[in-house]
Amino acid sequence: MSVESFEIDPDITRAWTPPADFYRSPGWFGRLAERVFARGWFCLGLSAGLEREGAVRPITLLPGVLDEELLLTRSSDGALRLLSNVCTHRGMLVAEIEGHCETLRCRYHGRRFSLDGSFLSMPCFDEVEGFPSPTDDLTSVAVEERHGMIFGALDPEVPFQEWYRPVDERIGAIEFRSPVPEPSRHRDYEFEANWALYLDNYLEGFHIPYVHPALAGAVTLDDYETILLPGGSVQVASARKDDPTAVVPPRGYPESGRRIAGWFIWLFPTTLVNIYPWGISLNILEPLAATRTRVRFRSLVGDPEKFGGGASSDLHQVELEDEAAVLATQRGLGGGLYRRGRYSPTQEEGIHHFHRLLVGKM
């Protein structure tokens, strides 16, 4: 399906938002898959369960979009690796369930690999010329492990350290121990709306007093701040004076001296890391189709005494409120009367920045 190009003026006071068709067209969605998703870093989940040597976990990167079959392994040297999960013989999946093993063996014809992806053996191939070669190894994919989370990229445009720096800098300001997963707070949400529409909503605090009454009572909105970065943005929410869970970053860290209720960090294209005084609330945003999105909430607790207080007292309720707003907006964009909107220069700079980054890739 063909798509019509559009521009986002770099001057927010003159800019218009993307056209309605951008949020509903399979053509636009397909272009993003090729030009944005195939080059970006993504969160692949939590590292819990992959600590021991021999651990393996098959994953599909963006099902229905990239459909890349990958395999996380913990090899004998302790390194976490991300490999192609496709056998280099005939394309069979190498590992189909999570578990532990000493080597990988394709159940189709018996080809074996080490946990670092190196080819080991293959029955009935003694007479094949030039075999084995490096192409018989499983392809390695870029992977990084931070704060109990795993990230991967097929063909990353930016180095991981540069991409992840905004998270490292904020977590460094909080004195809690290594975050531990809290499964009771893990939830998955799936809804009929475009992924970028969900992200538009995430990237501004403009809607908080109208959509989130409880959250509005937990943060101060007069100094709510959005910091634009080359590869994302950070929203900074200050805590009210009576909030005992607030954290005050020391000198030398971003936002030092402020009483922080939470940092809401977006890393292009779809990673959302929310840092609270108690730990991390991770939103794994998964585009599934032009008008279908999945979001996986994962909580990692570093300070149990502060867990569940302040701005994060009911993340499930906040998500339901956000989804209701996003779904109603998706419905509104489905007709022919709405064309394009305008941005608030003081409240929607994060959305404008996101749209500019997208247009720059297309």
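The legends below describe close-up views of a predicted model.

Local features are given only at pLDDT of at least 70 and side-chain atom pairs only at pLDDT 80 or more, while totals for chains, interfaces and linings use all residues. Residues are numbered from 1 along each chain as its sequence is written, and side-chain values use heavy atoms, with hydrogens and water left out.

**View 1**
Strand β13 covers residues 219-229 and strand β14 covers residues 232-239. Helices (H or I, at least four residues) and strands (E, at least two) are DSSP runs, numbered from the N terminus. The two strands pair in the antiparallel sense over 7 bridges; pairing requires that DSSP finds at least two bridges between two strands. A hairpin of 2 residues connects β13 to β14. V219 has A239 of β14 opposite.

**View 1. The open sheet β6-β7-β8.**
The 3 strands of this open sheet follow the order β6-β7-β8 and pair antiparallel. β6 (104-105) and β8 (119-121) are the edge strands, each with a single partner strand, so one side of each has no neighbour in the sheet. β7 (residues 112-113) is joined to β8 by 2 bridges. F113 has F119 in β8 as its bridge partner.

N201 belongs to helix α3 (residues 195-202). N201 counts as buried because its relative accessibility is 11%; buried means under 20% relative accessible area, exposed over 50%, and partly exposed in between (1.4 Å probe, protein chains only). The side chains of N201 and D322 are joined by a polar contact of 2.9 Å. A polar contact is a pair of N or O atoms within 3.5 Å; within protein, one must be able to donate a hydrogen and the other to accept it, and residues adjacent in sequence count only if both atoms are side-chain atoms. Leaving aside residues up to four places away in sequence, N201 touches H207, D322 and V326, where contact means heavy atoms within 4.5 Å.

**View 2. The largest pocket.**
The largest pocket holds about 480 Å³ of space. Of its 23 lining residues, D200, E204, T329, E348 and I351 are the closest to the centre. On a 1 Å grid over the protein atoms alone, a pocket is an open set of points where a 1.4 Å probe fits, with protein on both sides within 12 Å along at least five of seven lines; lining residues have an atom within 4 Å of a point. Grid points are joined across faces, edges and corners, and the volume is the space filled by probe spheres set on the points. Helices α3, α4 (208-211), α6 (315-332) and α7 (349-361) each supply at least two lining residues, and α6 gives the most, with 4 residues.

**View 3. Two cis peptide bonds.**
F131 and P132 are joined by a cis peptide bond with omega of about -5°. P132 sits in the loop between β8 and β9 (140-146). The bond from F268 to P269 is also cis, with omega near 5°. P269 is in the loop between β15 (260-267) and β16 (271-276).

H147 is not a glycine but has a positive phi of about 50°. H147 lies in the loop between β9 and β10 (149-153) and counts as partly exposed, at 24% relative accessibility. E255, not a glycine either, has a positive phi of about 60°. E255 is in the loop between β14 and β15 and is buried, with a relative accessible area of 13%.
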